[in-house]
Structure formats: C-alpha cells, structure tokens
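Welcome, and please open the model in your viewer. We will go from one stop to the next, selecting as we go.

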Amino acid sequence: MTLQAPPNRLNSHGKIRQVGVEIEFAGLPPRDTAMIVRELFGGELNVVSPHRLLVEDTRWGEFGIELDTQYAHPDKSLVDDPHAEDSEWARHQHQRRVEFHQKTRELIGDMVTGLVPTEIVCPPIPWNELEDLDTLFEALREHGAKGTDASLLYGFGLHLNPEVERFDVDYLLAMLRAYLLLAGWLRDEIKVDITREMLPHANPFPKAYALKVLDSRYSPDLDTLIDDYLHYNPTRNRELDMLPLFAYLRPDHSHELLHTQLTKPRPTFHYRLPNAQLSQPGWGSVVEWNRWVEVEKLAANSEVLLARCAEYIADHNRPMLTRIKEKLVRWLRRER
C-alpha cells in the first residue's frame, strides 16, 4: 500500500511531523520481541526488568517493549526508595522486601504471558518513514505474533499519535470536527473487533458533544474548547483521546484527568481506534495512517468541512423514524 502524504507535512517548527505508534499482540514474549526490534533497527538492549525491556539508540530513538499489565513489573516507588537515613538493619529489611517484590512480579509476569498482550511503544517516527517501520509488523507476523482477530479474548489495538501541525484553536477545532464526521466511516473501514467494541478503551464520542462541536455557531477559544471536551468526555477512553494534547497545552489546568499517571502530555493526537490486524498480510502502520490522513484532508478543506457539518446538523434535525429507516436500509445493502 502506498503511503499517503498529509495535507500539512511539517510541524510548527518547519520540520517533518512525526508519529508515535503503539501495538499490542499475543504470541511473543517481550524479550523475543525486543530481539526482533534490535535486529531490524539496531540499538542496545536494556533489560529494565524480566518483562520490561528497552531497545535504545535505534535509528529513531528508544523502543519500549513490555507485558501490558502493571502487576508484571516492579513498583518503581518501592524499588527506588533509597532509605538513606535508615539503620543498617532497616536497609537490609528493605532490600529483602524489594527482592521478594521483584521475584513476585516476575512470577506474575511468567504466569500471565500469553494471557495479557505484549506491547511495543515506538519512538516518534517521521511520517514519511512509516513504510520502514512496517518491516517490524512483517517480522512479528513471521514469528507468530497474533492480533485482534486471532481470538475472541484478544481486544488488542494499534494506536497512532500523530504530531499536531500547530496549536491554534481553529486548527484543533477543525480536526475535531473532521474526526467526528468521519468516525462512523472509520469504524466501518476498520471493522472494529466486537471484543474491542465491548471494552471501554475506544468509545465513540457522545452525540450531544458531536452536535455541540459541529454546530457552525460553536466558536470557542482554546480554554473553552478544552473545558467543553472535559465536560462531555471525562474519560481517557475515547477513540480520539485529546487529553495528552490538552495536558501539554495547559499543564496548569485543574482537571484531574490531565494529571493522572496514564495521561502523558505530548503535542499529538492520540488515535486509539484501529485493531491490531497482524493476521492480515500487508497490514501495518501505513494502512491505519492512510485512514487517519482522510481526517486531516477533510480538516484542511474548510469549505467542504463546514458543508459536511451543516449536513450532519440538518440530518439530526429530521424526524427520528426517518433517520432510523434510512440507516436500516443502508445496513441491509451493506450486508448483501
């Protein structure tokens, strides 16, 4: 598949925009996965703990590979506690607790390997080098990695973190509007796995929020845009999670969701919708990036975007029974 260029290729500093990629899968433990990453992209292996490894100094930076459960990894606050002021006996006791804790977490990791996914968190990669990254997906497939559709128990996903082009409210509002308009199309294209539909990690936006944002009269400043988002979406579990970006833009904001350990401030969108389709030859980051680019193209075309917003609002204002009938007809045609 040919990599599609976004309408805005550069960031606010005039450099090629980057994309973070996260992928979950089963069938390969973290150590084996880390060896594949190092073989493909070079770098040095750093074993942080038995089930958490880093591949450092690759061509793009640091890859993180780990079992995707906190209970398989030592608690950093316990391990790093220096106990500098304690007596020799107290330090000895603390060391014994740490060793027991580490062994226990390692055992838990050994037990759940194969039940919880391995996750790779890639470093930021220039969007025009995603085809090179897809050699990793091919290698994972060849070594037996299993994606979302390999089992009903596998609610695995691929996340993209596209760097924003700029930070002004007009751009961010246009991107939100474009995403809300294309969310249904994206779900149809991706065919979101039923297990992932049932899990809360990539929920759709509420209709009330879509209607507010798509209304042509909605013209917020940046703080209002953020506050409205938090009011209607008090959760990390949105298919397009804006919390990392808003935490980056407003580090002093009072809302607790912008300060949790799981919300990492960064100048990116956090797109959580795609499945991890490792069983499909040719599937990888390029496929999902190309779908995302359709959102960016719509956002960049202000005339078409406003027309689509007006159509959405007009459609919502039609009688409910008419809308239900038309949706049913479209669904029946698609199933034939």
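Helices (H or I, at least four residues) and strands (E, at least two) are DSSP runs, numbered from the N terminus. This is a predicted model, where local features need pLDDT of at least 70, side-chain atom pairs count only at pLDDT 80 or more, and totals for chains, interfaces and linings use all residues. Residues are numbered from 1 along each chain as its sequence is written, and side-chain values use heavy atoms, with hydrogens and water left out.

Start by selecting residues 285-300, which form helix H10. Its 16 residues reach 22 Å from first C-alpha to last, close to the 22 Å expected (1.5 Å times one less than the number of residues). Of these residues, 13 are buried, so H10 is largely enclosed by the rest of the structure. Buried means under 20% relative accessible area, exposed over 50%, and partly exposed in between (1.4 Å probe, protein chains only).

Stay in H10 and show Glu288 and Arg291, three residues apart, about one turn of the helix. They form a salt bridge, with the closest N and O atoms 3.0 Å apart; the term means a side-chain nitrogen of Lys or Arg within 4 Å of a carboxyl oxygen of Asp or Glu. Both residues are buried.

Next, pick Arg187 and Glu239, whose side chains meet in a salt bridge (3.1 Å, N to O). Arg187 lies in helix H5 (residues 169-190) and Glu239 in the loop between H8 and strand E8 (240-241), so the pair ties together parts 52 residues apart in sequence.

Finally, select Ile226 in helix H8 (residues 222-232). Ile226 is buried, at 0% relative accessible area.
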